[in-house]
Amino acid sequence: MYPESYLNTKTPPATNQASDPEEKGKAGSIKKAEEEEEIDIDLTAPETEKAALAIQGKFRRFQKRKKDSSS
């Protein structure tokens, strides 16, 4: 019926794991670079407020269309 590997439930299947130690090091350095990057945004600037309102409006329209199409 099933190969023996299907019946072995003690070890979970490997998902998204780098088999090469060099690849693991690269993934770790990418995460560090993302964490170190600091973005300074003036949240009180008028341009920022306009952008936030535009994004929120588009998101609300998207959610409304998503809700209407699923009903």
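Modeller: The expected span of a helix is 1.5 Å times one less than its number of residues, and please keep in mind that this is a predicted model.
Biologist: How do you know that the span of α3 agrees with what it should be?
Modeller: Helix α3 has 25 residues, which at 1.5 Å a residue should span 36 Å, and its end C-alpha atoms are 36 Å apart, so the two values agree.
Biologist: What makes you say that α3 lies largely in the open?
Modeller: Buried means under 20% relative accessible area, and of the 25 residues of α3 the number buried is 1, so the helix lies largely in the open. For the chain, 3% of the 71 residues count as buried.
Biologist: Why is E47 called exposed?
Modeller: Exposed means over 50% relative accessible area; E47, which is found in helix α3 (residues 46-70), has 58%, and it is therefore exposed.
Biologist: What makes E38, D40, D42 and E47 a patch of negative charge?
Modeller: Asp and Glu count as negative, like charges are joined within 9 Å, and these four residues gather in such a patch on the surface.
Biologist: Which residues form a nonpolar patch on the surface?
Modeller: That patch is formed by I39, I41 and L43, with about 340 Å² of accessible area together, and I41 is found in the loop between α2 (21-36) and α3.

Conventions: Residues are numbered from 1 along each chain as its sequence is written. This is a predicted model: local features need pLDDT of at least 70, side-chain atom pairs count only at pLDDT 80 or more; totals for chains, interfaces and linings use all residues. Side-chain values use heavy atoms; hydrogens and water are left out. Patches are made of residues with over 30% relative accessible area and no salt bridge: like charges are joined within 9 Å, nonpolar side chains (Val, Leu, Ile, Met, Phe, Trp, Tyr) within 5 Å. Accessible areas come from the Shrake-Rupley method with a 1.4 Å probe; for residues, only the protein chains shown count as cover. A salt bridge is a side-chain nitrogen of Lys or Arg within 4 Å of a carboxyl oxygen of Asp or Glu. The place of a charge is taken as NZ of Lys, CZ of Arg, CG of Asp or CD of Glu. Helices (H or I, at least four residues) and strands (E, at least two) are DSSP runs, numbered from the N terminus. Buried means under 20% relative accessible area, exposed over 50%, partly exposed in between (1.4 Å probe, protein chains only).
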